[in-house]
Amino acid sequence: MLTCKEAAALIGGWDDILVICHENPDGDALGSMSGLVRGLRSLGKRAGWYCASPLPEKFAYLFQGLEEIDFAPEHIVTVDVADSKLLGDAWDKFGDRIELAIDHHGTHVPFAKERWVEPGSAAAAEMVWLLLKELGAEPDEAAAGCLYTGMATDTGCFRYRNVTPRTLRAAADALEAGAPAGDINQRNFETRTRASMEAEKLITDTLEFHCGGRLAIIRLPQSVYESTGASENELDGVESLPRQIEGVLIGVTVKERPEGKIKISLRSNPPVNAADICGRFGGGGHPGAAGCSFEGITMDEARQRMLTVCREYLQEIGSI
Ligand SMILES: [Mn+2]
């Protein structure tokens, strides 16, 4: 396992670098990727990016003015990727050539030749910020905006328990470098589409409580997208709804994906560890936010399995 200094020494000696993030990318994955590419280019290195999924419209601003280049990368780095399973077709294309994984998931499953993993880091973007500083880069306004986006989106705009003094210092440095924090916050945490609000209305209708109000579950079937016109990205953040309810320790969102897979997003309050629960189904994540998925079963069966395991977990820790 590398330190920030060692990772910087490694990348410092490289040119022609491809940066990859996970499929179904969030603000941290995309912000870390575009921020790192911008920072590496500012150092005179050739850098490009790859994500197995199309870039969500919502995060198009992270790539504004960032020219796509056609090159044969010599070195490959991943950001925010906890497991090779999450790379999508990037694993088939580049899997055996990944030299460095930069990640902040405690459940990281090693897949790269070298790795720099810091579970104490609130966002991969926080690590990329430190890495660029270590490399002697001076992130410009655009790079700072990308990395600020990563830090803000992985911390619920600096509200979650994963925020440390270092997170806030890195974010403050990004502001100093010109990150338009107010605009980024408004875009990601205030403004929402009418379709997303209408979808949320349908989703809150599915809300159910169990275990004396310690466990709350919502469901997000494909029909919600169809009837409201909301896109998956527009409903980012809906997973945090059940956990916001007073007394709830575990908030479960059961999502039906277009290809029929069932995706579970789990959000928890202490003393519950969301990653421990999802780990029982082969998933992972962070103590407060984790996920897992099921194949070949219905939404209701997935809901039932989560309900059973969450009830057992709450009994084990003596919360019910
Ligand atoms: Mn992240």
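Tutor: Start with D236 and K58, which form a salt bridge whose closest N and O atoms are 3.9 Å apart. Keep in mind that this is a predicted model. The cut-off for calling a salt bridge here is 4 Å, so check the distance as well as the label.

Student: How many salt bridges are there between domain 1 and domain 2?

Tutor: The count is one. On the side of domain 1 that touches domain 2, the residues divide into four nonpolar, five polar and three charged.

Student: Where do the two domains run in the chain?

Tutor: The domain assignment puts domain 1 at 4-190 and domain 2 at 194-316. Each contributes to the contact, with 12 residues from domain 1 and 12 residues from domain 2. As for spacing, their C-alpha centres lie 26 Å apart.

Student: What is the area buried between domain 1 and domain 2?

Tutor: The general idea is that interface size is often given as the accessible area lost when the parts come together. In this case about 820 Å² is buried between domain 1 and domain 2, with carbon and sulfur atoms giving 44% of that. Within domain 1, K58, T107 and R161 lose the most area to domain 2, together 41% of what that side buries.

Student: Now the metal. Which residues coordinate the manganese ion?

Tutor: The manganese ion is held by OD atoms of D28, D80 and D154 and by NE2 of H104, at 2.1 to 2.3 Å. The spacing of these donors in sequence reads D-x51-D-x23-H-x49-D. D28 sits in helix α2 (residues 27-42) and H104 in the loop between β4 (98-103) and β5 (114-117), so you can read the pair as linking distant parts of the chain, 76 residues apart.

Student: And the backbone: which peptide bond is cis?

Tutor: The one from P270 to P271, with omega near 10 degrees. P271 belongs to the loop between β9 (262-268) and α10 (274-279). Another backbone feature is D16, a residue other than glycine with a positive phi, near 50 degrees. D16 lies in the loop between α1 (4-12) and β1 (17-20).

Key:
Residues are numbered from 1 along each chain as its sequence is written. This is a predicted model: local features need pLDDT of at least 70, side-chain atom pairs count only at pLDDT 80 or more; totals for chains, interfaces and linings use all residues. Side-chain values use heavy atoms; hydrogens and water are left out. Domain bounds come from an automatic or database domain assignment. Contact means heavy atoms within 4.5 Å. Buried area is the accessible area (1.4 Å probe) that two parts lose on being put together, summed over both. A salt bridge is a side-chain nitrogen of Lys or Arg within 4 Å of a carboxyl oxygen of Asp or Glu. Ala, Val, Leu, Ile, Met, Phe, Trp, Tyr, Cys and Pro count as nonpolar, Asp, Glu, Lys and Arg as charged, and the others, Gly among them, as polar. Donors are N, O and S atoms within 2.8 Å of the metal (3.2 Å for Na, K and Ca); water is not among the atoms, so sites may look incomplete. Helices (H or I, at least four residues) and strands (E, at least two) are DSSP runs, numbered from the N terminus.
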